[in-house]
Amino acid sequence: MKLFKVAALPGDGIGPEVMREAIEVLRAAERKFDFKLEITGAPVGWAGIDAAGKALPEGTLALCKESDAILFGSVGLPDRDPTIPKDERPERAALLRIRKEFGLFANLRPVRLPGALAHACPLAKERQGGGIDILVVRELTGGMYFGQPKKTEDLGSGNFRAIDTMVYTTLEIERIAHMAFHAAKLRRQKVTSIDKANVLENGVLWRETVTRVGRSYADVALEHQFVDNAAMQLVLRPTQFDVMLCENLFGDILSDEAAALGGSLGMLPSASLGAGSGEKVFGFYEPAGGSAPDIAGKNLANPIAQILSAALMLRYSFGLNDAAAAIEAAVQRAIEAGHRTADIFSPAETTARKVGTREMGAAICAEVRK
Ligand code: IPM
Ligand code: MN
């Protein structure tokens, strides 16, 4: 039997409650498919600061290093931010640190609008076409997030100068472009590359490099869009997109926009992968939605993004394609059966039933066991 080690880091806000449901679903899948997970929990984010004085405690980092994959919840509690320096806050000291530490340059965010959730999409039905199905491939360890210099200078008299630097090298663009083309081959054979080549040096290099990489994927169509136009095209005609290839900051912004089209940010999973991607690669799996402190601990959060992130872990890091597909199908059936957390509920749907985090998790577990 295959055995894998998972570091489970629930983090803050809704993290712990959605993580609990994802682990239940993994346990249900384990019993049905032939694999075993050794899942070890550890604190991260404000939970790490409270437990061990740091957003990414040494013990947590050590656990991640000896694991085959990290299943991550979410970090950040903005209300507490003013109490510590910005470099020690969870977003930077835990999330960005892990991305850099493990070289997780490729972030995959699949957005799918299930037919049963057409009402939860902010776009009119005719714009949804035959269904929205987009994979955002976001570069995750370069660009404005990490470029140096990055600092704030005091110019005196209350005037400050804040500097962030956008940097990309050819090699960084090439490796993420290969990821996108590779993914497109397994989907609908189209890559839309996003840049701001009309203004930014980075955009020019991005476009040239992606075009060159694209020549070795003759079966994949390549299109380029400026980022402002892409933001508009997403709401006007989202069905034109298959794979959207973005640099770090553009991908951050456009993946939230795309998530809204998929019904809710609470439905968007993500996989962050490093070098050697393909089969059984170390990966980091997290819902894209954040810690949502306003609804934490109230049994209101949608656990689907966390559960689908766990499915991506089975697929990309462990090569357990059948188990991953079974979890995705179980989510689909739970939705078709009418289970709705508050974020995807509409009173107009007479056959749907509003449920909490636990009930949604239980419904998906039951579907996995069938
Ligand atoms: C995301 C988040 C993070 C990001 C934040 C929390 C640092 O928004 O994963 O999309 O900007 O990358
Ligand atoms: Mn984001």
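**Helix packing and domain contact in a predicted model**

Good morning. In helix 1, the residues Val18, Met19, Glu21, Ala22, Val25 and Leu26 meet Gln306, Ile307, Ala310, Met313 and Leu314 of helix 10, where contact means heavy atoms within 4.5 Å. By class, the residues of this contact are 9 nonpolar, 1 polar and 1 charged. Here Ala, Val, Leu, Ile, Met, Phe, Trp, Tyr, Cys and Pro count as nonpolar, Asp, Glu, Lys and Arg as charged, and the others, Gly among them, as polar.

A word on the source. This is a predicted model, in which local features need pLDDT of at least 70 and side-chain atom pairs count only at pLDDT 80 or more, while totals for chains, interfaces and linings use all residues. Residues are numbered from 1 along each chain as its sequence is written, chains are lettered from A and ligands numbered from 1 in the order in which they are written, and side-chain values use heavy atoms, with hydrogens and water left out.

Let us return to the first pair. Helix 1 covers residues 15-32 and helix 10 covers residues 304-316; they pack at an angle of about 45°, with their axes 8 Å apart. That angle makes helix 1 oblique to helix 10. Angles under 35 degrees count as roughly parallel, over 145 as roughly antiparallel, 65 to 115 as roughly perpendicular and the rest as oblique. The axes are lines fitted to C-alpha atoms, for helices over the stretch in contact, and angles run from 0 to 180 degrees between N-to-C directions. Helices (H or I, at least four residues) and strands (E, at least two) are DSSP runs, numbered from the N terminus. The crossing of helix 1 and helix 10 is right-handed; a crossing is left-handed if the near helix is turned anticlockwise from the far one by less than a right angle, and right-handed if clockwise.

How does helix 10 pack with helix 11? Helix 11 spans residues 321-336, and the angle between the two is about 160°, with the axes 7 Å apart. Helix 10 is therefore roughly antiparallel to helix 11. The two cross in a left-handed manner. Their contact includes Ile307 and Leu314 of helix 10 and Ile327 and Val331 of helix 11. Its residues divide into 12 nonpolar, 1 polar and 2 charged.

A further pair is helix 6 (residues 170-185) and helix 7 (residues 201-214), with an angle of about 50° and axes 9 Å apart. Helix 6 is thus oblique to helix 7, and their crossing is right-handed. Among the residues in contact are Phe181 of helix 6 and Trp206 of helix 7.

I turn to the domains. Domain 1 (1-109 + 264-370) and domain 2 (122-261) divide the chain, with bounds that come from an automatic or database domain assignment. Their centres, taken over C-alpha atoms, are separated by 24 Å. In the contact, 18 residues of domain 1 face 18 residues of domain 2. About 1,700 Å² is buried between the domains, and carbon and sulfur atoms give 64% of that area. Buried area is the accessible area (1.4 Å probe) that two parts lose on being put together, summed over both. Phe105, Asn107 and Arg109 supply 41% of the area that domain 1 buries against domain 2, more than any other three residues.

Finally, two details of the backbone. Most residues other than glycine have a negative phi, and most peptide bonds are trans. The peptide bond from Gln148 to Pro149 is cis, with omega near 0°. Pro149 is in the loop between strand 5 (133-139) and strand 6 (151-156). Gln189, although not a glycine, has a positive phi of about 55°. Thank you.
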